[in-house]
Amino acid sequence: MGLSTKIWLVMKLTALLLLTALVHVSAESFSQKVTLSVTNKTLQEVFPELTRQTGVSIFYKEAFMAQTKPVSFQIANASLQMVLDICVRDQPITYELENGNIIIKPKPAGAWPPVPAPQADTPRLTITGKVTDAAGLPLPGATVMNKATGKGTATGDEGGYSIGADIGDTLQFSFIGYASRVVVVRERLVVDISLEAQSGSMKDVVVVGYGRQKRISLIGAQSSIKAEDLKQPAANLSNAIAGRVAGIIGVQRSGEPGYDGSQIYIRGISTFTNSSPLVLVDGIERSFNNIDPEDIASFTILKDASATAVYGVRGANGVILIETKRGKSGKPQVNLQLNQGITQFTKVPEFADGVTYLQMANEAYANSHPGAQPLYSEEKIRATAAGTDPDLHPNVNWMKEMFNDFGNNRRVNVNANGGSERATYYLSLGYYNETGLYKTDELAQYNSSIKFTRYNFTSNLSLQLFRNTRVDFGASGWISEGNYPGRSAGDIWDAAYIMPPTIIPVKYSNGLIPQPRGEVSNPYDMLTQSGYVNNTNSQLWSNIRVTQDLGAWLKGLSAYGMFSFDNYNYHQISRTKTVDTWFATHRDAEGNLVFEQTRVGSSYLGYSRSNSGSRQYYGEAAINYNRSFNNGIHEVSGMILYNQSDRTDAFAGDFISAIPYRYQGIAARATYAYNERYLAEFNLGYNGSETFSEEKRFGFFPSYGVGWVASNERFFRPLSNAIQFLKFRGSYGIVGNSSIGGRRFAYISTVAGTNGYSFGKNTDNNYNGLDIGDYAVDVTWEQAKKANFGMELRTLKGALSLTVDFFLESRDGIFRQRGDLPNYAGIQRAPYGNLGAIRNKGVDGTLTYSKQLGKDLHLEFRGNFVWNRAIIKEDANALWPYPWQQVIGRKLGQRFGLTALGLFQSGEEIANSPVQTGDIRPGDIKYKDLNGDGRIDNYDQGPIGYGSIPEIVYGFGPSLTYKGWSVGAWFKGISNVDISLNGEGLQPFQKEGTRGNLFSNITDRWKPDGSNPAPWYPRLTYPSTSNSNYANSSWWIKNGAFLRIQNVELSYTFREKRWLEKLGISSFRLYAVGYNIATFSSFDLWDVELGDGKGAQYPLLKTYSLGIDCRF
Amino acid sequence: MNKQQLTYYIISAICLLAALSSCKKFLDQVPNDRQTIEEVFQKKRPSEEYLANVYNYVRDESDQWNGNPWTGNVDEVNIAWAKWTIYQLNVGNWSPGTSPFYTWQSYYNGIRSATYFINHIDGNQEILALDGQQLIDQYKAEARFLRAYFYFMILRQYGPVVLIGDTELPADASAADLQLPRSSFDDCVNYIVSELDQAAVVLPTVPASDRDYGRATKGAALAIKSRVLLYAASPEFNGNTDFAGFRNMDGTPFISQAYDHEKWKKAADAAKAVIDLNVYRLYEDPSGDPVKSYRGIHLVPWNDECIFVRKSNSLWDWDYNCSLRSAGGWNGVSPVQEMVDAYFMKDGLPITQSSLYSETGFTNGVYNMYVNREPRFYASVLFNGAKYKGGAITQDSITVDMTYSGRDGKRNGGEDYSHTGYLVIKNVSPETNRLAGIRNSRPFVLVRLGEIYLNYAEALAEYGGNDAEALRYLNLIRKRAGIPEYGSGELPAPTGAELVQKIRNERRIELAFECHRWFDVRRWKIVSSVMGDLHGMDIDRDGNDFYRRVVADHHLWKEAYYWFPLSQYEMDRGLKLVQNPGW
């Protein structure tokens, strides 16, 4: 059957399920059931709500109500009568039912003040139920206490209990490591309770691939971020992750609103192909960049094979699991957050002023052309310095002209959750707005400012449809609007780097837009006169899941089915234009400027549009088995799951990419734990990817893991004072990567469109070109064999906990185009093969110190760290001629270049040194002749520096809480990384003529008089390409390590204040956050995180913001 | 049915659904009726598109700064911009590791595609039905011509090539099975010539219809053959003992070590064969104005002098780069003084011999150096004080001022200024106007009859025995150029070595900026004497100080530069390849 038919069926079933649920609910409301939770409300406030829910009117006289007290209660599905009983209990009133209405009357004399009812010796009711953890696993040994009678009991093997109680009694459920829960007995005799583990405790239930598991029994290497840590004043969630969690290597390369996502790799890069991790939001492959952090309940990264094998061909690069928040039963809780920040660039490159520029140009020119007359006359320099004629002798600081000092960002989120035992909800609405720092022109009739606005919505509903059936429905998504100048940030920045300060003013004094001849562009023109681009993104996510407890068939058995539909749309409208531009060549005899028109503009806004979008169907069905035997000594679980996904590119550009992207697979897991001491786990993915031929399409990805909780051993007890918890775990497994990038369906050959040709004398006889595209190859996924050894330790009375994981990965069969084909074979696209091999190793760890110092003071310190190094074992290329040129055996991303030995000091030294190309004189960089052939060329390029992707990423931060006050900071750093400098704007006078700005550190150059022995720049030449000073060399490799104060936060929380209660607010927090406020690095030309090149990117932002967080 | 049961049914249904779709068909979704390369060769239009793809490897040589080095790396022009690759070549910043202007790969791609076409076009059902075997044969011959042309293009730039043969190398062969050596220069020439001969037999003399102009013809094949054989007979390749050490791994020399005089005969015969086709004529403007005639060769599309052209090209970009800034151009393709000096005077004598030549004084505001020169000078070079109209200068012509502070001088030029005080106007269309976005479109002339005449004259003069015939063709060129013929008036008829020298001089002028000089100075083995310091006017001066020869450019020369190096990439993979001498 076709996919669409299947989807129809699923949709129909979904509708049926929902309908059933609705009918069910309405039947109950007909019988006037009430669900209500009130705190300290007067009866006058409560009664209207009762009327609203039941349709029954309640009549009373104000006089009767004068002496009544406010009431507090929480009930679900109670009869109206019961609620009224609660309302009038201990009150001087009573009620009667007359003609379908309720009449409130004073209590008969004598009945007030009330006489306490004699306490019954034996409760009249027996309450039974089951206590489970959040994953639904039974909790044997949990305590159930009736607070009214003071009697208690413990749960049995299956978490079952039975206890006597009266209506109105309070039952308390508690278990070590879990948060206690309190339930007031109503008319329901069966009370099932699930307890949530205290965060961080070993009983904590954590999210794992396709399920949940108890933290103590976890074998896979995974770590998670506290949801609060994700709430940073940055639009893009990916920026809040690096340095927050052990195992993520991440860098942010741009701060442009809407395009500021970080590159994220789990445990570094260990392949030549796609190395992005698989991201699953609520179990479905989705991008997480635009999720409102407020909506995230858990954020987990899965690192080793044990954790990711179930994802098979998609799991090799690690997995990020995100779950959105769900409702909790209870009275509605409303949470409002407002955050207003001002933004600034972390660092704007500083350029030399006009006079310095001219002087340096003259010096460079004189260095290159000794004896020639100066490039710029003294008169020109004087005029530039004086600034008397900015039209002809401008002196422009382009950075200052283009950017405002401040931008702002604003975040609002309001969410509500609550519900009854049978239905819970979480609803959230988020708003994010960021205004960039570009200047606009007041005269333009349109808005070209850079602006990004996003609306998020999330709704998660859970219905306990029947006792054993639960339905979860989620619908969420976001809409974003971005507004940008008509030219891209890259173009504008580039122009600012290329336009020297002395060529043109920002605008001529008569208002004309300047633009010199040639290829140099006026950045201000590009920024403010180029029109605007507006784009809209919308993302809709929907998913429904039906979970059925099959305990009736086999204890511990359950099953679920899930279906999701996601739709993404992107729409961009460009209204760009060009204006007339002019160049003032000189002044005429009267002193008027003489202009030359350098561009004939279109003057009106043009129009162009681009669209993209995709839709995705995903289905998953699974059977779970969870059971513990023999009083929890043996714990067994099993899972088998089927899933398939289908994503279609709605605006595919060609035949092949229009074919849906599909995955299909089965995942299975079996775990066993003996007495929480010995743990074993087996995971299996059986997966298929469309990319490969039928014979090579499906594969098994098994993983094995064992664990030992040493601290639970009898012999460990003497040590338990020193070490409270100690666990070792090891895993090994195989995971795959079928995302080869650029080559779908590798098993078929393709025909490619190429450049064509034209014939015809008086007519045009044009042909497109056709040729063989890719050759069919018999390939399969790349395979990652991963081993992980981990240790978890808790000591200092539980205050200090440490997790360390060592990992080894052996990635083989990496997709790689053959690199051993000689060009004379004429093969245009080298065939792919499973050819590359990389070995990755490293360590990551997390340390937490958490200590209550006295009653009100709490101190916490957290830190994490990851180091990895990936070595290329095979890259499918022919060997290079010399050993120092080899890529094999070196780290992935290794830079190669010449080794700079310093600067030449004399002509004699040059004469006695290996030959370098170009015009070499004292002050030029001297390179090392690695192959000793007497000349410096490509063969002398050896490994230099580290590379652009850091090997080390770390983060740490203390936080201190005193009563309502809380202060915390977070530091993030990267290390073993460097920056390779190159590009126009960095290399002074790279291209001859008036192109290229100079950084303000240009004065730190080699001087002809030898007065600067250790300069930043070698001898300036004009052009700088006339010698080899700017060859790719170690001279231009700078240390890219940094430590950033990513976050400083001060907050005060108001709790239990009368004035708050009057406003209906239960807690109110006021906070101030500084984000990215300081960066420590030896590199200071631009924000060091932007990385290689010349820094011509939209810088990262620092933000100072104030916010409130209010719970109702 | 109670609720519980209902739920079970639903769950089961979902599971069942999942199970149903688990059939392997889910991932098997590439349609069988997509276009395959086999399909391409069953149809006419797709096959023609495949052939068009082969044609596309015929290089458009309009880009002489970043794409082709043939005029900017010899004593013809200076390219103003240090940003382009040509600059690196001239300062000597190139090596097998950088291998700039790397055409080796693209031509070999073309060779492979041509071979594939030849081997698969037979039996094309649609063409057979519509046009018959004849068209298939013609297309095969075109592909064969192109393949030979590509080999020659590699040969002239890199020296001896790797001959692949009639079957393409399999893409899935192991690296060891792909190893082939370079062939000797003469073997390459023989192969190319035999292929061109094969193609020439089939190719039509004139295109079948208006729509087929631009396709390879018999004349194109024979013309390329003429050039190949002329090169092969030249000193660089004919018994050149300078290359005695340049040998293949088995010890055989790449360049013949014994001079073979008969090679000149073959070259002469090949040129004559083109002439004898009698379909090409030297272009002459109806007005008889030699300047217009000479400019018309390139600016009048499809004129009868053209033997092989590339219709789609970027000559507009050449126009942009050559044109004056005042005309909206970029002012940066500048003939060097050596080139300017090479042009004859209008009396047909070189400046060193003509009484008309003077380097002092001005005539009507024009420096005397530029007065009384031959028409081809005025058709090719824009000099200071000349009148110019074209591009954005659409109304009155302007007087060119490239002195330091002049309208098109260095001072206001940014990076766009002539480094020599001259600009190329040959093959620069005055209709192209960058500011207005107008691009004159015309075929790029790759081979023309003028060259064949000069090939013929040179080969014949070198061979000896018929100097009169050689002189006849040399004089045909001079006649069209509008200068006195040798043997008329004051000009004696040269013979022997002197005739060869006159032919070379003529060739330098006639074929200037047409991508010949780079190869000619090598095959004549005079390259070391024409590289090095090149001169121009003093563009750093105003007024009359401008008219002073100064060093404007330096084109570095090393013996290794006879050929481009094979790239290190190729050397690392082609283990039987021998690198060119000096690299």
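Colleague: How do you know what area chain A and chain B bury between them, and how much of it lies on carbon and sulfur atoms?

Modeller: In this predicted model, chain A and chain B bury about 9100 Å² between them, and 56% of that area is on carbon and sulfur atoms. The figure counts accessible area that two parts lose on being put together, summed over both, so it includes what each of the chains gives up. Within the share that chain A buries against chain B, A:Tyr757, A:Asn823 and A:Tyr824 supply 11%, which is more than any other three residues.

Colleague: What makes residues of chain A count as being in contact with chain B, and how many of them are there?

Modeller: A contact is called when heavy atoms lie within 4.5 Å, and 104 residues of chain A are in contact with 104 residues of chain B.

Colleague: Which residues does B:Trp104 touch, if its neighbours within four places in sequence are left aside?

Modeller: B:Trp104 is in contact with A:Asn823 and A:Tyr824 of chain A, and with B:Ile154, B:Tyr158, B:Val162, B:Leu566 and B:Glu570 of chain B. The residue itself is found in helix α5 of chain B, which covers residues 104–120.

Colleague: Why is B:Trp104 called buried?

Modeller: The word applies to a residue with under 20% relative accessible area, and B:Trp104, at 1% relative accessibility, therefore counts as buried.

Colleague: Is B:Gly159 buried or exposed, and how do you know?

Modeller: B:Gly159 has a relative accessible area of 0% and so is buried, since the cut-off is under 20%. B:Gly159 lies in the loop between α7 (133–158) and α8 (185–202) of chain B. Not counting residues up to four places away in sequence, B:Gly159 touches B:Ile154, B:Arg182 and B:Trp563.

Colleague: How far from B:Gly159 is B:Ser184, judged by their C-alpha atoms?

Modeller: The C-alpha atoms of B:Gly159 and B:Ser184 are separated by 9.0 Å, although the two residues stand 25 residues apart along the chain. For B:Trp104 and B:Ser441, which are 337 residues apart along the chain, the separation of the C-alpha atoms is 28 Å.

Colleague: What part of the contacts in chain B joins residues 24 or more positions apart?

Modeller: Such pairs account for 70% of the contacts in chain B with a separation of 6 or more. In chain A, 69% of the contacts between residues at least 6 apart in sequence join residues at least 24 apart.

Note on methods. Residues are numbered from 1 along each chain as its sequence is written. Chains are lettered from A and ligands numbered from 1 in the order in which they are written. This is a predicted model: local features need pLDDT of at least 70, side-chain atom pairs count only at pLDDT 80 or more; totals for chains, interfaces and linings use all residues. Side-chain values use heavy atoms; hydrogens and water are left out. Buried area is the accessible area (1.4 Å probe) that two parts lose on being put together, summed over both. Helices (H or I, at least four residues) and strands (E, at least two) are DSSP runs, numbered from the N terminus. Buried means under 20% relative accessible area, exposed over 50%, partly exposed in between (1.4 Å probe, protein chains only).
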